[in-house]
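Biologist: Could you take me through this model? I would like to begin with the overall fold and then go into some individual residues.

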Amino acid sequence: MARDEDAIEHAVEKTVEAATAGLVPPPRTGTFSPFRYPVFRAIWIANLFSNLGGTLQGVGAAWLMTELTPSHQLVALVQASATVPIMLFGVFAGAIADNYDRRLVMLTAQVGMLVVSAALAGLAYAHMLTPTLLLAFTLSVGIGTALNSPAWQASVRQQVERREIPQAIALNSISFNIARSIGPALGGVLISIWDVSFAFAINAVSYIGLIGVLLWWKPRPRPVEPGQPPKRAILPAVAVGIRFCAGNGPLRRLLIRGFALGFSLAAYQSLLPAVISGTIHGSELDFGLMLGLFGIGSIMAAPFTGPLRKKLGLEGILTLGTGMSVFALSLVAEAHDILYALPAAFVAGMAWVLILTTLNVAVQMRSPDAILGRCLSIYQAATFGGMAIGAWVWGAVADWQSLSFALHAASVFLAVSFFGLRLVAPLPRLGEGVIKQT
């Protein structure tokens with residue numbers, strides 16, 4: 001265990017030049033400068049199509065659940081089932097990402113998700129899905145996501161130089177949100193002219209491109225610290241990551257804030273299908289349109305996240321995102337026509353990317369490379385764990401009272417918890433706790 005702690009201290013003082021050795025650095029940095037790295041560009045494009053397929057599956061699963069059951073809680077649990085594995089298994093996935101070749105970890109996860117998605121498409125085509133079975137499949141895909149995500153995010157350091165990590169993270173967020181802007185509308189069309197099995201099948205096919213790119217990519221092995229074994233037992237490795245995050249003040253406060261924000265933000269994501277099919281009496285096309293506007297809002301906000309972070313600081317930009325989220329939740333709670341709900345979707349998308357991209361960058365820049373995967377997975381376990389618990393809670397509140405009551409309650413809780421935590425767990429100032437290059 002002492003060796004692990006020595007490795008952390010040594011890694012704090014080291015740069016990631018060896019991890020990016022052989023890459024051709026761009027002459028200057030900018031919003032799109034990471035695209036100059038061929039590896040990053042290829043993975044980004046392949047990931048865009050994979051994200052598009054994942055969005056189609058998410059739309060199909062959420063809408064199918066509204067047809068299988070009238071329970072708001074079960075509808076909300078579709079969102080929860082996709083995030084619960086990140087909470088339960090994400091920390092172990094982070095240790096795996098630090099112990100093993102991150103490319104191979106991603107390959108394993110992608111192949112597993114392809115197989116599960118293909119089986120889901122087949123059962124949907126045969127009309128054999130039940131609410132329980134649908135949740136089981138979305139849970140299985142979530143396990144693949146939990147395994148893939150820490151390795152994928154940590155591998156950014158093997159694709160670009162450290163100084164361009166914030167831009168690379170923002171571009172990855174843009175990729176996800178491009179898919180969210182196109183995928184929902186496309187999913188609504190596919191579901192209306194065919195059925196959900198077609199959307200599930202396209203998702204299964206979408207994994208193939210990313211698998212091909214990962215097979216092509218041959219990153220240099222990550223450097224091993226002198227005197228340190230290349231692999232460590234999983235449980236001790238997890239303990240090292242947890243101890244580091246718990247003992248590091250800036251990281252600990254980021255984790256607390258991520259959990260609280262995820263808990264409240266989950267209300268919008270998890271209850272939206274029930275709002276569209278119930279309160280608004282909309283169709284699958286209306287649901288796709290709402291999700292599409294959410295993605296467009298995210299894309300438009302992503303390029304401004306970095307400049308706003310420098311101008312407003314972490315606390316300022318999250319205050320802005322929280323205020324926008326409160327507005328979106330309150331508007332959706334009162335909307336009884338799709339036209340009145342559309343602005344809420346756009347604003348919610350902007351708030352979503354402002355909050356999550358800012359938290360992700362803040363965690364990455366304060367995490368040593370030796371335990372980067374574990375730090376990222378712990379952050380994701382906290383944030384997405386909050387979302388999973390929030391989805392279950394707000395779904396139960398909606399069944400107990402009403403959709404409108406649950407959404408208003410979430411907006412009030414979001415505002416109160418945010419300003420309360422500003423006092424007891426203030427976000428780190430710009431530069432506080434950041435791992436410096438030497």
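Modeller: Let me begin with a definition: helices (H or I, at least four residues) and strands (E, at least two) are DSSP runs, numbered from the N terminus. This is a predicted model, in which local features need pLDDT of at least 70 and side-chain atom pairs count only at pLDDT 80 or more, whereas totals for chains, interfaces and linings use all residues. Residues are numbered from 1 along each chain as its sequence is written, and side-chain values use heavy atoms, with hydrogens and water left out.

Biologist: How many helices and strands does the protein have?
Modeller: The protein has 13 helices and zero strands.

Biologist: And how much of the protein is buried?
Modeller: Of the 438 residues in the protein, 57% are buried, where buried means under 20% relative accessible area, exposed means over 50% and partly exposed lies in between (1.4 Å probe, protein chains only). The protein exposes about 17,100 Å², of which carbon and sulfur atoms supply 70%; these areas come from the Shrake-Rupley method with a 1.4 Å probe, and for residues only the protein chains shown count as cover.

Biologist: What about the largest nonpolar core, which residues have the most contacts inside it?
Modeller: Those are Phe200, Tyr268 and Met290, in a core of 107 residues. Helix α11 (residues 338-364) gives the most to this core, with 17 residues. A nonpolar core here is a set of buried Ala, Val, Leu, Ile, Met, Phe, Trp, Tyr and Cys residues joined through side-chain atoms within 4.5 Å.

Biologist: Which residues does Tyr268 touch?
Modeller: Not counting residues up to four places away in sequence, Tyr268 touches Met290, Phe294, Leu329, Val332, Ala344, Ala345 and Ala348, contact meaning heavy atoms within 4.5 Å.

Biologist: Changing topic, how many cavities of 30 Å³ or more are there?
Modeller: The structure holds four of that volume. A cavity is a set of points, on a 1 Å grid over the protein atoms alone, where a 1.4 Å probe fits but cannot get out, and lining residues have an atom within 4 Å of a point. Grid points are joined across faces, edges and corners, and a volume is the space filled by probe spheres set on the points.

Biologist: What lines the second largest cavity?
Modeller: That cavity, with about 80 Å³ of space, has a lining that includes Tyr268, Phe294, Leu329 and Ala348, four residues that Tyr268's contact list and the core description already brought up. Helices α9, α10 and α11 each supply at least two lining residues, and the largest share, four residues, comes from α10.

Biologist: Is Arg257 buried or exposed?
Modeller: Arg257, which is found in helix α9 (residues 249-279), is buried, with a relative accessible area of 1%. Leaving aside neighbours within four places in sequence, Arg257 is in contact with Glu315, Phe418, Leu421, Arg422, Ala425, Pro426 and Leu427.

Biologist: And where does Thr322 lie?
Modeller: Thr322 lies in helix α10 (residues 284-334) and counts as buried at 3% relative accessibility. Beyond neighbours within four places in sequence, Thr322 is in contact with Leu261, Ile355, Leu414 and Phe418.

Biologist: Last one, is Ala82 buried or partly exposed?
Modeller: Ala82, in helix α3 (residues 72-99), is partly exposed, with a relative accessible area of 33%.

Key:
On a 1 Å grid over the protein atoms alone, a cavity is a set of points where a 1.4 Å probe fits but cannot get out, and a pocket is an open set with protein on both sides within 12 Å along at least five of seven lines; lining residues have an atom within 4 Å of a point.
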